[in-house]
Amino acid sequence: MRSIIQHPRSLTRNRKSTLVRFLQFVEKGKCWLWTGSIASGGYGKFYTAKGKYMRAHRMSFLLFKGRIGEGKVVRHSCDVRRCVKPQHLKRGTQRDNVLDAARKGKMCRPWQTHNTTKLLPKDVRQIRALWSKNPRPKQRDIAERFGVSQAAIWYILHRWNWRKI
């Protein structure tokens, strides 16, 4: 398996046929989008002649740029998981990848379950404080104030979300 990841010529006996087969699943544009099979993480999957698969962006790097290297990853400069355009791919370490994601705001904060959370812990405390006042405001009014849905407020108040806050 290591030789498959390390060198493009070992993927098949005929590198040209691999390239032709690979390009059948590429829609060229600003990014080259992979139109073939997609793995659960959103990255493209390319099946080798031996029936094994590898990530399409890694295969693109191998075909167009050469070796990836031991302990290295292939990173997207465009942040599009389906992109296989060689100019958008660069070799690096996992550390480089994580630091890049953090710099671009793609990482979760400790209180988040995903990186699209609209509220901060202080907002959640404030929502619960508002709810404990008499008379209670309507959930819809609280939701409007914080720019979230009424359902989000209900989940916060009933501790389905933000349990630890």
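Let's start with salt bridges, meaning a side-chain nitrogen of Lys or Arg within 4 Å of a carboxyl oxygen of Asp or Glu. By that rule, the count here comes to 3 salt bridges. What we are looking at is a predicted model, where local features need pLDDT of at least 70, side-chain atom pairs count only at pLDDT 80 or more, and totals for chains, interfaces and linings use all residues. Residues are numbered from 1 along each chain as its sequence is written, and side-chain values use heavy atoms, with hydrogens and water left out.

Why would such pairs form at all? Side chains of opposite charge can pair when their charged atoms come close.

Please find R75 and D100: their side chains meet in a salt bridge, 3.7 Å from N to O. This pair links distant parts of the chain, with R75 in strand β5 and D100 in helix α4 (residues 94–103), 25 residues apart. Helices (H or I, at least four residues) and strands (E, at least two) are DSSP runs, numbered from the N terminus.

Are R75 and D100 buried or exposed? Buried means under 20% relative accessible area, exposed means over 50%, and partly exposed is in between, using a 1.4 Å probe and protein chains only. R75 has 9%, so R75 is buried, and D100, at 10%, counts as buried too.

Now, which residues are linked in a network of salt bridges? They are R75, D100 and R103. R103 meets D100 at 3.8 Å, N to O. Both sit in helix α4, and because they are 3 residues apart there, about one helical turn separates them. R103 is exposed, with a relative accessible area of 64%.

Moving along to K122, we find a salt bridge with D123, the closest N and O atoms being 3.8 Å apart. Here K122 is exposed at 53%, while D123 is buried at 12%.

Let me finish with the backbone. Most residues other than glycine have a negative phi, and most peptide bonds are trans. Where do we find a positive phi in a residue that is not a glycine? One is D79, with a phi of about 65°. D79 lies in the loop between β5 (73–76) and β6 (89–92), and is partly exposed at 35%. Another is R159, at about 60°, in the segment after α7 (150–157). R159 is partly exposed as well, at 40%.

And the cis peptide bond? That one joins N134 and P135, with omega about -10°.
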